[in-house]
Amino acid sequence: MADVRLTDIRKRFGALEIIKGVDLAIETGEFVVFVGPSGCGKSTLLRMIAGLEDITSGELAIGGTVMNDVDPAKRGIAMVFQSYALYPHMTVRENMGFALKFAGMAREEIDRRVDDAARILELGPLMERKPKALSGGQRQRVAIGRAIVRDPDVFLFDEPLSNLDAELRVHMRVEIAKLHKALKSTIIYVTHDQVEAMTLADKIVVLRGGVVEQVGAPLDLYDDPANTFVAGFIGSPRMNFLTARVIAAQSGSVTVALAGQPDVELSLPVRSLSAEAGDEVSLGIRPEHFLPAGEGDADLTLDVDVAEHLGNTSYVYADISPDERIIVEHEGFRGADDHKRLTVGLPADQCFLFDKAGARIR
């Protein structure tokens, strides 16, 4: 196991800068997830750690040793890719032990490592099968086992569950979490799926356009987002954003009126006077935080467009105005039907304020 330190890491392809000065500390034994939309630079950053992409500038250290110019095979890392990349003519045992055999390791040691990995991943009954006789989840477990036998300092996962169906992804998330608990290894994991990030990570790194937007524990990012991008990306369904205008600002509170329903006013607690009367802002509220009518600090009337009833909860898609749609989640809305009006309560202590640039007003 080892820690990983990135200091002002940058990556350019010609004049185009893809990674724009990333500073990050990953502690020994941490499970860190890089998350963000397609094209944000998360896989490029992972490949730079692996040595599969050159670092334009900055410093990468693994276990206290600078690795910028070290060969990938000597960095003490093992990588699991989105594609399984198994040799079709080899058995599971042969696939898992091939890299060790190629490196000239003794047969006894190879067998010991392969058997240990097979026990951890519950692959024992499958060891003499070839990849064509395995399911997608089993193939991914073999690919993970191939990484485990190398006994690396750091595991790198590049969207390993993307090729699996929904039910199998849930199962493999549990398997990977169990693996981390058993090995206590340093893991860096890339995904575009924020549910994977929330359920697996000790620490999430949210990326956008090659820049780190926020780093923190999953629930810290959920409860205390730094800006509208993080607030909208972390959480499913996403946070609602309502256009509003500041009508009063004083020490300790800001009062806003909603643009879609200007008669709805709400006062929110703030620690700083970073907003002034007349400023355009966004009011953020998560779907599950709406209350029944009369139980919040203000009531909001909605025109219901679609209601999805999932049994234990319902998602109501509604319009506050012709240009603003929101999602409401609540067990009490099971009876909400399409194309009807609905009134909900806004709790001030569960709302967030963001300025026009998207930064959080705290």
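**Close-up views of a predicted model**

View A. Most residues other than glycine have a negative phi.

View B. E5 is joined to strand E4 (residues 57–62) by two bridges, and the two strands run antiparallel. Within this pairing, Ala61 stands opposite Val66 of E5.

**View C. The burial of helix H1.** H1 is largely enclosed by the rest of the structure, because seven of its nine residues are buried. The buried residues of H1 are Lys42, Thr44, Leu45, Leu46, Met48, Ile49 and Ala50. After H1 comes Gly51, with a positive phi near 90°.

**View D. The largest pocket and its lining.** The largest pocket holds about 490 Å³ of space. Its lining comprises 19 residues, and those nearest the centre are Met79, Phe81, Ala99, Arg146 and Arg150. By class, the lining has 16 nonpolar residues, one polar residue and two charged residues. Strand E6 (77–80), helix H2 (92–102) and helix H4 (136–148) each contribute at least two residues to this lining.

View E. Thr91 is located in the loop between E6 and H2. Thr91 is classed as buried because its relative accessibility is 10%. Apart from residues up to four places away in sequence, Thr91 touches Met127, Glu128, Arg129 and Lys130. Ala85 is also placed in the loop between E6 and H2. The phi of Ala85 is positive, near 55°, in a residue other than glycine.

**View F. The surroundings of Val33.** Val33 is part of strand E3 (residues 31–35). With a relative accessibility of 0%, Val33 counts as buried. Once neighbours within four places in sequence are set aside, the contacts of Val33 are Tyr189, Thr191, Ala197, Ala201, Lys203, Ile204 and Val205. Val33 and His192 are separated by 159 residues in sequence, while their C-alpha atoms are 9.8 Å apart in space.

**View G. Strand E19 and its pairings with E15 and E16.** Strand E15 (residues 291–292) is joined to strand E19 (residues 341–346) by two bridges, and this pair runs antiparallel. Here Pro292 stands opposite Val344 of E19. Strand E16 (residues 298–309) is joined to E19 by six bridges, again in an antiparallel arrangement. Ala298 has Leu346 of E19 as its bridge partner. Strands of a sheet pair through backbone hydrogen bonds.

**View H. The peptide bond between Ser236 and Pro237.** Ser236 and Pro237 are joined by a cis peptide bond, with omega about 0°. Pro237 is situated in the loop between helix H8 (228–233) and strand E11 (240–250). Most peptide bonds are trans.

How values were computed. Residues numbered from 1 in each chain as written. Predicted model: local features only at pLDDT ≥ 70, side-chain atom pairs only at ≥ 80, totals over all residues. Heavy atoms only, no water. Pairing = 2+ DSSP bridges. Helix = DSSP H or I, 4+ residues; strand = E, 2+ residues; numbered from the N terminus. 1 Å grid on protein atoms, 1.4 Å probe; cavity = no way out; pocket = protein on both sides within 12 Å on 5 of 7 lines; lining within 4 Å. Points joined across faces, edges and corners; volume = space filled by probe spheres on them. Nonpolar A, V, L, I, M, F, W, Y, C, P; charged D, E, K, R; others polar. Buried < 20%, exposed > 50% of the residue type's maximum accessible area, 1.4 Å probe, protein only. Contact = heavy atoms within 4.5 Å.
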